[in-house]
Amino acid sequence: MNWRAVLTHRFVYVPLAAAVLVGAWNLHVAANADGVIEGVVRDGAGRPVADADVIFFERNFVNYQEKFRARTDAAGAYRFENMQVHVGQLEARTPGGARSQRLQLRLWFRAQHTRADPLVVGAS
Amino acid sequence: MSRVRRPPTWRRHATMVVVCALMLLPFYWVLKTSLTGENIYAYPPRLLPENPHLFNYVDVWYLIAFPRFVLNSVIVTAMAICGNLLFNTAAGYALTKDFPAKRWVVLLFLSCMLIPFQATIIPAYLITSWLGVLNTHLGIALPLLSTIICIFIFKASFEAVPRSLIDAARIDGLSEWRIVLRIMLPLSKPAIATNVILSFIWSWNAFLWPLIVTRTQEMATLPLGLARFLSVLEDTTGALYAFVVMVLVPGITIFLMAQKEFIRGLTSGATKG
């Protein structure tokens, strides 16, 4: 059998290419789907904000609802684990009542390891 | 001697490019909307997508049971293609033979083509119910297992095979099935490609029959999923159009891969007297 002719036939190489792409994508997903969403909270001057609540809003069919909370450490860092989501919003709230703008998160796959942009509280 | 003057090639090509662009415009619009999610009624309309992204496709994958719908569609389509190849080959070969009342059988087939599918839905449903295959893949594929148009495509293709070749095969001791498998089918590749593509398109896009015969969401095919998606998510234009693209892509890919055979299969026999 002429393997070269078989492999260069469009009925073979097109499905083959699709299968390779799907396989590569699934490997990438498997390697990066640890469910961690992390980031930092800063104030308007760029200093880290400790003890701020970071709220994750999950999208349902119509709107966004509060689903998870995390607290920032001394370095202003927060971390959510086991997040089986692909879309949502993040908002930071300080004990003093200041809030950040909601940050829209759209991930390429569910539970994608994500480092979110900094949440800035009290910025005008 | 006067020569017939033809318009220059570039003019013909320019006309074809314009016509192609006009025909592809709706597809482009669907693709563009799936990448942006913008309002399709926005005025003035924007030709180029603004901030395109692929997240609408991710939404479709997770918001509904898309993989399940794809699996159901693939199973039903594979059954329809296999059934079409098997039954249409047999029927097409039989119609190349001479037998009593052959003319009436051909007439019956042709007259059956005039009856719309909607008129036969109730008997088809009852037969499917008696067979006990409601809400199964086989039940969804059942009316698509053989189509009259494809039988005639095979008949035309088989009739183009020289009679002497079949006689020689018979003298060599080949049975009827082996004549079909070893001689007829290898010489009828365009007919096979046409059968595969037509049965693929019909079963992939079938909506009414799967809607009637399925009872659970687990058995829904892609067109049913699209309808469900429409009813659940009215405001997500981008995701809806992404879904449409995801439904269309397999069919378009298969057509593009086999377009040469497809056109040849449909036209072979069209010029016969």
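These legends walk through several close-up views of a predicted model. Residues are numbered from 1 along each chain as its sequence is written, and chains are lettered from A in the order in which they are written. Local features need pLDDT of at least 70 and side-chain atom pairs count only at pLDDT 80 or more, while totals for chains, interfaces and linings use all residues; side-chain values use heavy atoms, with hydrogens and water left out.

View 1. Let us start with Leu24(B), Phe27(B), Leu248(B), Ile252(B) and Leu256(B), which make a nonpolar surface patch of about 450 Å². Helix H1 (9–36) and helix H13 (237–257) of chain B are the elements that give two or more residues to this patch. H13(B) provides the largest share, three residues. Helices here are DSSP runs of H or I with at least four residues, numbered from the N terminus. Patch residues have over 30% relative accessible area and no salt bridge, and nonpolar side chains (Val, Leu, Ile, Met, Phe, Trp, Tyr) are joined within 5 Å. The areas come from the Shrake-Rupley method with a 1.4 Å probe, and for residues only the protein chains shown count as cover.

**View 2. A closer look at Ile252(B).** Which helix holds Ile252(B)? Ile252(B) sits in helix H13 of chain B. Its relative accessibility is 36%, so Ile252(B) counts as partly exposed. (Buried means under 20% relative accessible area, exposed means over 50%, and partly exposed lies in between.)

**View 3. Helices H10 and H13 of chain B.** Two packed helices are described by the angle between their axes and the distance between the axes. The axes of H10(B) (residues 189–205) and H13(B) come within 10 Å and cross at roughly 170°. That makes H10(B) roughly antiparallel to H13(B). Axes are lines fitted to C-alpha atoms, for helices over the stretch in contact, with angles from 0 to 180 degrees between N-to-C directions. Angles over 145 degrees count as roughly antiparallel, and 65 to 115 as roughly perpendicular. From H10(B), Ile197(B), Phe200(B) and Trp204(B) meet Val247(B), Pro250(B), Gly251(B), Ile254(B) and Phe255(B) in H13(B). Contact means heavy atoms within 4.5 Å.

**View 4. Helices H3 and H9 of chain B.** The axes of H3(B) (residues 66–94) and H9(B) (residues 176–184) come within 11 Å and cross at roughly 105°. H3(B) and H9(B) are therefore roughly perpendicular to each other. On the H3(B) side, the contact is made by Thr89(B), Ala90(B) and Tyr93(B), and on the H9(B) side by Glu176(B), Trp177(B), Ile179(B), Val180(B) and Met184(B). Arg178(B) also belongs to helix H9 of chain B, and Arg178(B) is partly exposed at 42% relative accessibility.

**View 5. Salt bridges in both chains.** Side chains of opposite charge can pair when their charged atoms come close. A salt bridge is a side-chain nitrogen of Lys or Arg within 4 Å of a carboxyl oxygen of Asp or Glu. How many salt bridges are there over all chains? The count comes to 21. One of them joins Arg79(A) and Glu81(A), at 2.7 Å from N to O. Arg79(A) is partly exposed at 43% relative accessibility, and Glu81(A) is partly exposed at 48%. Another links Arg93(A) with Glu91(A), with the closest N and O atoms 2.6 Å apart. Is Glu91(A) buried or exposed? Glu91(A) is buried, with a relative accessible area of 5%. In chain B, Glu50(B) pairs with Arg46(B), the closest N and O atoms being 3.7 Å apart. Finally, shared partners join Glu38(A), Arg79(A), Glu81(A) and Arg115(A) into one network of salt bridges.

Methods:
Patches are made of residues with over 30% relative accessible area and no salt bridge: like charges are joined within 9 Å, nonpolar side chains (Val, Leu, Ile, Met, Phe, Trp, Tyr) within 5 Å. Buried means under 20% relative accessible area, exposed over 50%, partly exposed in between (1.4 Å probe, protein chains only). Angles under 35 degrees count as roughly parallel, over 145 as roughly antiparallel, 65 to 115 as roughly perpendicular and the rest as oblique.
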